[in-house]
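Please read the short briefing on the structure shown here. It is written in plain terms and sorted by topic.

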Amino acid sequence: MEDKIVFRKRSKVAKLSALRDSTKSSKHYRIIESIFVSMCNSKLFKDITVIDEDDWIVNHQTDEQTFYDWCRSYNVVKSAKSRICIQPIGDFSGPGQKLLSWLQSFCSAFYFGMQVAVLPSVSISKLGCKSRRNSETKRCQVRATDIIEYLKKTRKPNDICTVAVTMIDLYPKDSWNFVFGLASLTYGVGVFSFARYTDTFYHPPAPDSKDCLENYNCDVVTAKLLWRACKVMSHEIGHMFGIKHCVYFNCAMNGSNHLAESDRRVPNLCPICLRKLQEALKFDLADRYGALTKFCEGKLTDSEAPLAEFATFGEWLQKAQSFLECKQYKTQVSRRPR
C-alpha cells in the first residue's frame with residue numbers, strides 16, 4: 001500500500017480563528033460560535049491527507065476562505081420564492097428519472113430548508129450546442145460553454161442557482177480533452193456531467209453503434225453512480241452559495257483534480273464550511289443532520305434507491321447527532337440575530 005503524503009494541516013488555532021467573525025458580538029452569534037467551536041474540537045472531523053502530488057490540495061495549500069472572508073463576499077439574497085433548480089439536459093427517461101428524484105431528495109436534505117426543483121428536461125437539439133467525438137473515448141461530447149449560455153438566459157431571478165445535469169460527456173473548449181463540469185458563479189449557473197461516473201463509460205461503443213447525442217441516457221443507477229452524483233451536486237451547489245474550496249478539514253468542499261480524489265472526498269461539511277451554509281440558510285443543525293440521516297436510511301426515497309454507499313455516512317451522521325445531544329444543543333441556532 002502506498003504511503004500517504006500528509007498535507008501541511010492547519011493548526012488548531014488557525015481552524016478556530018477561521019470559524020470566528022470578530023466584528024459580530026451579539027449573544028446570538030456567540031451562542032452559534034460556541035457550538036461550532038465545540039464541533040471543531042471534536043473527533044468528528046479529520047485532517048486533510050493527500051495520496052500523491054496530483055491531488056488538488058498539493059497546489060492550493062494557501063487558498064483559504066475563513067468565515068469572516070465568506071461573510072464579506074457573500075451577497076446572494078434568499079427569499080421565500082428562492083429555489084435550487086436542477087435542469088436535466090438530454091434523455092433522463094426510465095432509470096434517469098429515478099436518479100433525478102433521488103438527487104432532489106438528497107439536495108433538499110443537504111440544503112435543508114431550501115426548495116429544490118427538477119425542471120423539465122431540455123433536448124440537445126433545442127440547445128443547439130456544438131458537439132464533437134472524443135478521440136480517446138470515441139464518445140460524443142457537447143461544449144459546456146454553450147449550455148452555460150443557455151442557463152444564463154433561462155434562470156429565474158429569484159432562484160439561488162440553476163444547475164444542469166447530463167449523462168453526456170462535456171468539453172469546455174477545443175483544446176481540452178474533457179471537463180466534469182463548468183460553472184459561472186456570477187450568474188449562479190453550472191452544468192455537470194455524470195457520464196464518467198458510470199461503469200460503462202470507459203468501454204468504447206461498438207463501431208456500428210448509433211452514438212447519437214439524443215440517445216444518451218442512464219441505463220442503470222448503480223450505488224456508486226448515485227453516491228458520486230450526490231457528492232458532486234452538493235459540492236458544486238456549495239460554490240453557488242459563495243463557499244470556496246476547503247483547506248481546513250476533510251470536507252465535502254475539498255477540491256479534486258481527478259476521479260480518484262473526488263471519490264475520497266467525504267460527503268459532510270466541516271465546521272467552518274457548515275457555519276457558512278448555516279448562516280446563509282438559518283437551518284437548525286440537528287434538523288439538517290436528521291434529514292440527511294433519513295435519506296441514508298431510505299426514508300426520503302423509494303425502495304429502489306441503491307443506498308449501499310451511504311451506509312458509512314449514515315453512521316457518521318448518527319455520531320454527529322449524538323454529539324449535539326451531549327452538548328445540549330438548542331434550536332436557537334435557527335433563529336436570526338436581532
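The points below cover aromatic rings, charges over rings, nonpolar cores and a strand pairing. The model is a predicted one. It holds 16 aromatic pairs, and its largest nonpolar core has 86 residues.

**Aromatic pairs**

- One of the 16 aromatic pairs joins Trp-70 and Tyr-74, whose ring centres are 4.5 Å apart.
- The planes of Trp-70 and Tyr-74 meet at 20°, and planes under 30 degrees apart count as stacked, so this pair is stacked.
- Trp-70 has a relative accessible area of 2%, so the residue is buried, the limit being under 20%.
- Trp-227 and Phe-310 make another aromatic pair, with 4.9 Å from centre to centre.
- The planes of Trp-227 and Phe-310 are at 85°, and the pair is edge-to-face.
- Trp-227 belongs to helix α7 (residues 223-240), while Phe-310 is in the loop between α10 (285-296) and α11 (311-326), so their pairing ties together parts that are 83 residues apart in sequence.
- Trp-227 and Phe-310 are both buried.
- Ring pairs also build a cluster out of Phe-106, Phe-110, Tyr-111, Trp-227, Phe-241, Phe-295 and Phe-310.

**Charges over rings**

- The charged end of Arg-196 is placed over the ring of Phe-178, at 3.6 Å from the ring centre.
- Arg-10 lies over the face of Tyr-248, and here the distance to the ring centre is 6.0 Å.

**Nonpolar cores**

- In the largest nonpolar core, the residues with the most contacts inside it are Leu-99, Phe-194, Phe-241 and Phe-310.
- Helix α7 gives the most to this core, with 9 residues.
- Which residues does Leu-99 contact, leaving aside its neighbours within four places in sequence? They are Phe-92, Met-167, Phe-194, Cys-218, Val-221, Leu-225, Leu-226 and Ala-229.
- A second core is separate and has 20 residues, including Val-142, Leu-170, Val-179 and Tyr-216.

**Strands β3 and β4**

- Strand β3 (residues 83-89) pairs with strand β4 (residues 115-118) in the parallel sense, and the pairing runs over 4 bridges.
- Where in β4 is the bridge partner of Cys-85? The partner is Ala-117.
- Together with helix α4 (residues 95-110), the strands β3 and β4 make a β-α-β unit, which is right-handed.

Note on methods:
Residues are numbered from 1 along each chain as its sequence is written. This is a predicted model: local features need pLDDT of at least 70, side-chain atom pairs count only at pLDDT 80 or more; totals for chains, interfaces and linings use all residues. Side-chain values use heavy atoms; hydrogens and water are left out. Rings of Phe, Tyr and Trp (its six-membered ring) pair if their centres lie within 6.5 Å; planes under 30 degrees apart count as stacked, over 60 as edge-to-face and the rest as tilted. Buried means under 20% relative accessible area, exposed over 50%, partly exposed in between (1.4 Å probe, protein chains only). Helices (H or I, at least four residues) and strands (E, at least two) are DSSP runs, numbered from the N terminus. A charge sits over a ring if NZ of Lys or CZ of Arg is within 6 Å of the ring centre and within 35 degrees of the ring normal. A nonpolar core is a set of buried Ala, Val, Leu, Ile, Met, Phe, Trp, Tyr and Cys residues joined through side-chain atoms within 4.5 Å. Contact means heavy atoms within 4.5 Å. Two strands pair if DSSP finds at least two bridges between them. A crossover is right-handed if, with the strands pointing away from the viewer, the path from the first strand over the helix to the second runs clockwise.
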